[in-house]
Amino acid sequence: MDELEHDVVVIGGGPAGENAAQYAVEGTDMTAAIIERELLGGECSYWACMPSKALLRPVAVADITADLQGVTTATVVPSELLARRDYWVSSYDDSGQVGWAEGAGLAVVRGHGRLAGERTVVVTSAEGERLVRARHAVVIATGSAAHVPDMYADALPWDSRDATGVVEVPDRLVVVGGGVVACEAAIWMAALGSEVTLVVRDHRLLGRTEPFAGEAVLKGLRERGVTVRLGTSVDDVRRADPAATGTGRIHGGAVTLTTSDGELEADELLLAIGRMPRLDDLGLDTVGLSADDVTSGRLPEWLHAVGDASGGPPLTHWGKHQARVVGARIAAAASGEVAWEPDREAPVPQVVFSDPEVGSVGMTEAEARDAGHDVVVTRVPTSAAAGTGLLRDHVAGESQLVVDASTRLLLGATFVGPEAGELVHAATVAITGDVPVHVLRHAVASYPTASELWLRLLEELPRDFRQPPA
């Protein structure tokens, strides 16, 4: 068996894996190898973040032209929309990513990586097996996979890869789920011509956000013709002639779902009910570990986990942040030093590219109260600032801050409406930096921009919050 040796070995070449390898060796004479069994760049680059936003942005622009006096209404051209998706995923060719990795001094090893002992990984590929040893550290960055319960498995439903990689547009599409993937995919699939129905077990959409955010997205989906069935469970799934036809192609005959609200028939079913860390067939048993050990952080000093595989929020930006911290930690340990790290976990923002858009970070009001905080909540229409009011003729949504009444620190923020994703970073900075609201008031926003909404929100707080707490 061929053998390789590097200072750092990363299993998984998505954004988290790439960042972990880069930060572990940059500025040093150490070497790193990234082991990837599919496309270097991972889920985000080819099947999640990049293609979904490539599909959603033209739809959003067309929506704006339909609600903005002075322009002619644009229409979505399905073939051109899919061509734009293909451009942003490099037609599923990772040579550009490989070029970046090699330019950064990172070795790319193709194949399936599996632990085979301490600091030892066996890589299996079409060419055979090779052993890759790590002098210092191994990083697990294997990402996650769509959760498919047994009831659905035989029907070969679409997952998020099929939705972003759509080739054949089904006339009728049922989406099971009410989270981010479900809400975003419903928009571009409807724009491509599908008659879309969402089946949601919960009584609201986007269950981890503020209730008013889910209500605004529900209204937006229904206005574009998407049928949404809330509080509806699926009891049985049947499919005529299921067939593994390939990503984004219709997987067989008609699908029939028996639900608590009656039967539904569709040409395709998209299952969007969550993802699970991809930790199977990783050889954890060879080093005395289980998947629970990985997601709980019970790892030996030479082994690390980042991104979705770590069990944290399945968000690319969070995985990259983790990877930068872990990479710096590995580099420092290799030189006998200790890397500086913040004394608490960073807040994790999230943007839902729905209509209207939702940006949030930190605690919801309910989470803050459950955690024992005495909170003050301020909420205004997102149209309350001239800058946001000018973005569309009809601005949907509200925005909210959750503030600790004693420390006057921001605990959470939610923005719903145009530019929501751009507004949320200021809240992330405020929470990370412990900036009290009496100081935030003096961060001057340009006029007329969406960021002036911050002043509207802060002005709604009690007047004594404009001074430091006594």
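Student: Which residue stands opposite Phe-415 in S21?

Tutor: Gly-359 does. By the way, this is a predicted model, where local features need pLDDT of at least 70, side-chain atom pairs count only at pLDDT 80 or more, and totals for chains, interfaces and linings use all residues. Residues are numbered from 1 along each chain as its sequence is written, and side-chain values use heavy atoms, with hydrogens and water left out.

Student: What joins S18 to strand S21?

Tutor: Five bridges do, and S18 runs antiparallel to S21 (residues 410-416). Strands (DSSP E runs of at least two residues, just as helices are H or I runs of at least four, numbered from the N terminus) pair if DSSP finds at least two bridges between them. Five bridges therefore make S18 and S21 a pair.

Student: In which sense do S17 and S18 pair?

Tutor: Antiparallel, over three bridges, with S17 spanning residues 350-352. Gln-350 has Ser-360 in S18 as its bridge partner, and a hairpin of five residues takes S17 into S18.

Student: Why is S18 called largely enclosed?

Tutor: Buried means under 20% relative accessible area (exposed is over 50%, partly exposed in between, 1.4 Å probe, protein chains only). Four of the five residues of S18 (residues 358-362) are buried, so the rest of the structure largely encloses this strand.

Student: How do you know that Val-228 is buried?

Tutor: Its relative accessible area is 6%, so Val-228 falls under the 20% limit. Val-228 lies in strand S10. Beyond its neighbours within four places in sequence, Val-228 is in contact (heavy atoms within 4.5 Å) with Leu-198, Val-200, Leu-205, Leu-218, Leu-221 and Arg-222.

Student: What is the strand order in the open sheet?

Tutor: The order is S10-S9-S8-S14, with parallel pairing. Strand S10 (227-229) and strand S14 (268-271) are the edges, as each pairs on one side only. S9 (residues 195-199) pairs with S10 over three bridges, and Val-199 stands opposite Arg-229 in S10.

Student: What makes H1 roughly parallel to H11?

Tutor: The axes of H1 (residues 15-25) and H11 (residues 316-334) come within 7 Å and cross at roughly 25°. Axes are lines fitted to C-alpha atoms, for helices over the stretch in contact, and angles run from 0 to 180 degrees between N-to-C directions. Angles under 35 degrees count as roughly parallel (over 145 roughly antiparallel, 65 to 115 roughly perpendicular, the rest oblique), so that crossing makes H1 roughly parallel to H11. The H1 contact residues include Pro-15 and Tyr-23, and those of H11 include Gly-319 and Ile-330.
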